[in-house]
Amino acid sequence: MKTEGDVIVVVGDGVVLLDVAGPVQVLHAAGYRVRLASPGGRAVVSDTGIPLGAELAVEDVPETAVDTVLVPGYPTVNGHRHPPELIAHVRRLGTGARRTTSACTGAYLLAEAGLLDGRRATTHWAECAKLARSFPRVRVQPDAIYVRDGPVITSAGVTAGIDLALALVEEDHGPQVARTAAKYLVVFLQRPGGQSQFSVRSTVPPPRSAGLRQVLDAVVADPGGSHTLAAMAERLAVSERHLTRPFRREVGSTPGQYVERVRLEAAQAMLESSDAGVDTIARMCGFGSDESMRRVFLRLLGALPSAYRARFRTTTA
């Protein structure tokens, strides 16, 4: 029988220490029962070389008893491969749990287990393009801090696991409990911006309307989504004209201009940090075609995407 507040963290050798420690610290502070489960119940060695003891053997955990599964990430620089038995257990537990979550590159393990097929998801910014190429059935959202799609929640790089855990606390116990935990840990309850800390969103003064704030944040969280004027107005159950007026007054631009700027910065982040092709980035960021994206880059930045990448691409890409 599932017990709310019972969290199983599935770990194996090479697991990123902060992907485990960050969420566990938040959940512990909020009163959850958190247990680590590993193959055979043995201690595992984290990416830093520090060992982590496991309370449970993952193969002995019944899927019917799991409330929340958390899958941390693993370094990908040396081509980490997940053992087939670990993938099988994640699939089994994730299928039976009330919700399944991942921190950072733990999204790869969920994808290998088939738990992200047809779903929106995110991972570390440097891995989003690779995740999209490796698992075409996953709809990768490259700038989101965390993405919820049904019972599956994935989070971005490393410390974003803390954001994920705070979101779980807020969902289960309300904003006041989550806010108390965030204050104690000296972190944001809701981190401003996305993975690339978009200047578009951060330079917009906080709108007076909660609905308008939700529209702005929805565009940043999913630049490639449907953000036509009609779609945004429908989300708020207002007319297109009614939405355009406060947009101009409080944001200083039209809805279309705001969406275009967010998509531009999403594309900039991907060009800087990934090997994805221009056509792939154009599709993921909502431009529709690489030609449309090229026109926006020329008009707003005075450079083609390829020239921008050559100038600003990070050395880690």
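Analyst: Here is a look at the cavity, then at the chain as a whole. This is a predicted model, where local features need pLDDT of at least 70, side-chain atom pairs count only at pLDDT 80 or more, and totals for chains, interfaces and linings use all residues. Residues are numbered from 1 along each chain, and side-chain values use heavy atoms, leaving out hydrogens and water.

User: What makes something a cavity here, and how many are there of 30 Å³ or more?

Analyst: On a 1 Å grid over the protein atoms alone, it's a set of points where a 1.4 Å probe fits but cannot get out.

User: Which residues line the largest cavity?

Analyst: Lining residues have an atom within 4 Å of a point, and they are Val7, Pro23, Leu27, Leu70, Thr101, Gly161, Leu164, Ala165 and Leu168. Helix 5 gives the most, with four residues.

User: What classes does that lining fall into?

Analyst: Seven nonpolar, two polar and no charged residues. Gly counts as polar in this scheme.

User: Why does the radius of gyration agree with a compact globule?

Analyst: The rule, over C-alpha atoms, is 2.2 Å times the number of residues to the power 0.38. For 317 residues that comes near 20 Å, and the chain has 20 Å, so the two agree.

User: How much of the chain counts as buried?

Analyst: 50% of the 317 residues, where buried means under 20% relative accessible area with a 1.4 Å probe, protein chains only.

How values were computed:
1 Å grid on protein atoms, 1.4 Å probe; cavity = no way out; pocket = protein on both sides within 12 Å on 5 of 7 lines; lining within 4 Å. Helix = DSSP H or I, 4+ residues; strand = E, 2+ residues; numbered from the N terminus.
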